Amino acid sequence: AQSAGAGGLNLSLPGDFVGLDRADIFSLGATAFELARGAPLPSHGDEYQALRQGKVPALRGFSVSFQQMVAGMMREDPTARPTARALLKSQALAEAEEDKPKPGGLFGA
């Protein structure tokens, strides 16, 4: 891909960008996993390797549909990860919408 940069220079990015959107899905899943477990993602070792291979451990206190969504987002094969459109239609997000606080929120504003 080439584009005109500052001063009219052509900037070329090497590589194949097929599935780049699915890399973003992996990152979003990893972020959701990290927030749900309340601890940083491992940066090395067996747990790190397992996550890179799409082996996501159970998240206690979270619905099965949420855990399935996160695991799907972190699949090793990028083509097996859901699209952003599919995520928006997921059961986990539908359940979250149902559980959303009503106007006035928790503080009764």
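This report walks through a few side chains in a predicted model and what they sit against.

## Ground rules

The model is predicted, so local features need pLDDT of at least 70 and side-chain atom pairs count only at pLDDT 80 or more, while totals for chains, interfaces and linings use all residues. Residues are numbered from 1 along each chain as its sequence is written, and side-chain values use heavy atoms, with hydrogens and water left out.

## The salt bridge

A search of the whole structure turns up one salt bridge (a side-chain nitrogen of Lys or Arg within 4 Å of a carboxyl oxygen of Asp or Glu). The partners are Arg37 and Glu47, with their closest N and O atoms 2.8 Å apart. Arg37 belongs to helix α1 (residues 20–37) and Glu47 to helix α2 (residues 45–52), so the pair ties together parts that are ten residues apart in sequence. Helices here are DSSP runs of H or I, at least four residues, numbered from the N terminus.

Both ends get some solvent: Arg37 is partly exposed, at 30% relative accessible area, and Glu47 is partly exposed too, at 38%. (Buried is under 20%, exposed over 50%, partly exposed in between, using a 1.4 Å probe and protein chains only.)

## Arg81, buried without a bridge

Now for Arg81, in the loop between α3 and α4 (84–88). Arg81 is buried yet has no salt bridge; Asp77, the nearest side chain of opposite charge, is 7.1 Å away. For charges, Lys and Arg count as positive and Asp and Glu as negative, with His and the chain ends not counted.

What does the side chain of Arg81 reach instead? At 2.7 Å there is the backbone oxygen of Arg75, and the backbone oxygen of Glu76 lies 3.3 Å from a polar atom of the Arg81 side chain. Setting aside residues up to four places away in sequence, Arg81 touches a list that includes Arg22, Phe26, Gly72 and Met74 (contact means heavy atoms within 4.5 Å).

## Arg52 over Phe26

Phe26 turns up again here: the charged end of Arg52 sits over its ring, 5.2 Å from the centre. The cut-off is NZ of Lys or CZ of Arg within 6 Å of the ring centre and within 35 degrees of the ring normal.

## Ser65 in α3

Ser65 lies in helix α3 (residues 64–73) and is buried, with a relative accessible area of 9%. Its side chain makes polar contacts with the side chains of Ser63 at 3.2 Å and Glu95 at 2.5 Å. A polar contact is a pair of N or O atoms within 3.5 Å; within protein, one must be able to donate a hydrogen and the other to accept it, and residues adjacent in sequence count only if both atoms are side-chain atoms. Leaving out neighbours within four places in sequence, Ser65 is in contact with Gln91, Ala92 and Glu95.

Conventions: Helices (H or I, at least four residues) and strands (E, at least two) are DSSP runs, numbered from the N terminus.
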